[in-house]
Amino acid sequence: MLLDMGKLVYAEDFERPFIESSQHYYMLEAERLVASSSTPEYLRRAELRLNEEADRVTACLSTEWGMRISPKHILCLL
């Protein structure tokens, strides 16, 4: 795992680019959903995506990292 290589390597070479690309992806998805969905449908889909991301973080990434990415995704979707 990248975290084993050191926190600086993990943060600089993986975490920062991943968070930036994830933010971009979720911002585009949020714009698309806002334009094509009713408010209740948008909120259902946003909640679904947040739950999916939480599951992915738990399964694949450092728990320390997951605590930093979730608030950023929430802001992008809202």
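A salt bridge here is a side-chain nitrogen of Lys or Arg within 4 Å of a carboxyl oxygen of Asp or Glu. Keep that cut-off handy, and remember that this is a predicted model. By this rule the count comes to six salt bridges; let's work through some of them.

**Exercise 1.** Work out what links the side chains of E12 and R16, and where the two residues sit.

*Solution.* Start with the distance: N to O is 2.8 Å, so the pair passes the 4 Å cut-off and counts as a salt bridge. Next, the placement: E12 and R16 are four residues apart in helix 1 (residues 7-36), which puts about one helical turn between them.

**Exercise 2.** Decide whether E29 and R49 are buried or exposed, and say which parts their salt bridge ties together.

*Solution.* The closest N and O atoms of E29 and R49 are 3.1 Å apart, and the pair forms a salt bridge. E29 belongs to helix 1 and R49 to helix 2 (residues 39-60), so this pair ties together parts 20 residues apart in sequence. Now the accessibility: buried means under 20%. E29 comes in at 11%, so it is buried. R49 has 15%, so it is buried as well.

Technical notes:
Residues numbered from 1 in each chain as written. Predicted model: local features only at pLDDT ≥ 70, side-chain atom pairs only at ≥ 80, totals over all residues. Heavy atoms only, no water. Buried < 20%, exposed > 50% of the residue type's maximum accessible area, 1.4 Å probe, protein only.
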